[in-house]
Amino acid sequence: ATHGVADAVETVTVRHATKGVSRITIKTYDQGRERWQGETINFCIAEGQRVQFADGRYVPIENVRPGDRVLSMDEKGGRVERTVLATHDRGVRPIVEAELSRGPWLRMTPDHEVFVGARKKCTIDKAKRVYTIPGEWEPAEANSSLEDAYFAWAGLVLAEGTVKSRKVTMAEGPAILAAIALLPEGARVRKKIFAPKHDHVPDWFLGWPSFWERIPPGLAREKAVPEWIFTATNANIATILSYLYAGDGWAAGHAVSYATTSRTLAEQVSVLLWRFGVRSSISRRPATRRWREQWWVQISSAEHVLRFAERIGIVGKEDAVYTVAREAQRRVESSSARAQHLCGRSPRTTDAMVAAFRRANARSKDRYAQVQSVTPVGEARVYDLSVEKNHKFVVGLGVVSNCWFDEEPPPEIYSEGLTR
């Protein structure tokens with residue numbers, strides 16, 4: 001403890017009859033009645049759901065610890081950083097899955113409260129929409145120490161790679177050649193070509209030990225973005241996304257899309273896109289005779305397609321991105337004409353007024369994810385956090401309430417004395 005109070009207890013671990021565990025952090029005496037933050041309430045988040053950290057990391061809730069800094073939201077809906085005061089293992093409980101119109105879906109107990117506005121909240125089983133954290137941001141201390149080659153090859157490996165064999169399987173083209181050109185001295189690539197009768201694109205074996213040390217193993221359906229990617233600068237993240245889309249992504253019609261057999265990877269891609277303010281939706285595609293179950297990440301809103309084209313792009317598929325962006329620009333101009341009509345045809349109506357109308361309308365849409373469905377999905381181990389001050393944290397892109405109260409708790413909840 002601080003301020004000369006020797007041997008004061010700072011953390012208490014409570015083991016519940018349900019075999020769950022709560023960790024309660026006790027704040028110092030001079031911080032008043034906020035020092036106890038561990039009162040038990042039933043609603044919780046399912047194991048595996050990821051929490052957004054202030055440093056950019058995207059961490060499973062079961063791995064969050066007291067003292068971690070997470071993203072939260074102030075009373076005006078702005079993005080802030082807050083400290084986790086306690087973590088709670090609630091045991092195994094029935095959960096539901098909420099399919100959202102954008103961003104990762106949510107899994108939690110049906111009585112867990114989510115924010116439906118900057119100050120208003122309700123339980124997930126009754127929510128029609130979920131308030132989301134503001135997009136277009138970068139951690140204050142983003143790591144920029146790694147070379148572009150790490151991010152380019154990480155994108156290719158996540159899309160078309162086999163970690164166990166240390167290779168990427170894809171046709172020879174601009175993406176693989178550009179990635180090779182980025183390699184540092186000492187790294188090498190060996191190309192394996194197959195006979196025409198096999199109808200097989202080349203394998204590209206990458207000899208670069210320091211890179212492979214940073215890539216976790218796993219099958220295609222188990223792939224996930226490494227943690228070090230999330231703490232990087234947005235410029236680095238644009239690189240990995242542009243190479244990732246070069247493999248399993250495409251631009252066609254009015255949308256930019258990405259497909260993977262890994263649900264975790266799809267959700268992570270959606271979260272990384274939001275770092276640029278690019279809104280995306282996630283959908284499940286059932287397995288067929290030819291394909292396993294897939295998860296698609298789609299960008300279809302005209303303004304967000306343009307933002308993707310401007311800030312990220314796809315290496316080797318520039319022409320396709322340009323075509324989709326041109327169609328998006330046409331839709332934006334059509335929307336501007338409608339906005340001018342809605343603003344009225346008064347001589348006082350100016351271009352600035354029309355632009356302001358469109359920006360306000362876009363901001364309103366960007367702050368909410370509609371709840372498409374809420375479905376029981378069995379039981380899972382569940383957890384919750386106690387977060388200082390605002391009592392909110394971010395799961396996926398959605399703002400959820402923690403297990404404490406929004407107001408000062410009643411005196412009988414806690415003791416005024418220091419515990420030794």
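Tutor: We can begin with one pair of residues in this predicted model: A259 stands opposite W296, which belongs to strand β19.

Student: What makes β17 and β19 paired strands?

Tutor: Two strands count as a pair if at least two bridges are found between them, and strand β17 (residues 255-260) is joined to β19 by five bridges, with the two running antiparallel.

Student: Which other strand is joined to β19, and by how many bridges?

Tutor: Strand β18 (residues 281-285) is also joined to β19 by five bridges, again antiparallel, and here S281 stands opposite Q298 of β19.

Student: Why is β19 called largely enclosed?

Tutor: A residue is buried when its relative accessible area is under 20%. In strand β19 (residues 294-299), five of the six residues are buried, so the strand is largely enclosed by the rest of the structure.

Student: What makes helix α5 mostly covered?

Tutor: Of its 15 residues, 13 are buried. The length of this helix (residues 234-248) can be checked as well, since it reaches 21 Å from its first C-alpha to its last, close to the 21 Å expected at 1.5 Å a residue.

Student: What share of the residues in the protein is buried?

Tutor: Buried residues make up 51% of the 420 residues in the protein, which has nine helices and 22 strands.

Student: Why are β12 and β14 said to stand at the edges of their sheet?

Tutor: Consider the order of the open sheet, which is β12-β13-β15-β14, with antiparallel pairing. β12 (161-162) and β14 (188-192) each have a single partner strand, so one side of each is left without a neighbour in the sheet. For β14, the pairing with strand β15 (residues 203-207) is antiparallel and runs over five bridges, and K192 stands opposite D203 of β15.

Student: How do you know that β21 and β22 are paired?

Tutor: At least two bridges are needed, and β21 and strand β22 (residues 398-401) have four, in the antiparallel sense. One of the residues involved is F393, whose bridge partner in β22 is V400. The hairpin of β21 and β22 has two residues between the strands, and in this hairpin G396 takes a positive phi near 65 degrees.

Student: Which way do the residues of β21 point, and are they buried or exposed?

Tutor: In strand β21 (residues 392-395), K392 and V394 point one way while F393 and V395 point the other way, and all are buried.

Student: How much space lies in the second largest cavity, and which residues line it?

Tutor: About 40 Å³ of space lies in the second largest cavity.

Technical notes
Residues numbered from 1 in each chain as written. Predicted model: local features only at pLDDT ≥ 70, side-chain atom pairs only at ≥ 80, totals over all residues. Heavy atoms only, no water. 1 Å grid on protein atoms, 1.4 Å probe; cavity = no way out; pocket = protein on both sides within 12 Å on 5 of 7 lines; lining within 4 Å. Points joined across faces, edges and corners; volume = space filled by probe spheres on them. Buried < 20%, exposed > 50% of the residue type's maximum accessible area, 1.4 Å probe, protein only. Expected span 1.5 Å × (residues − 1).
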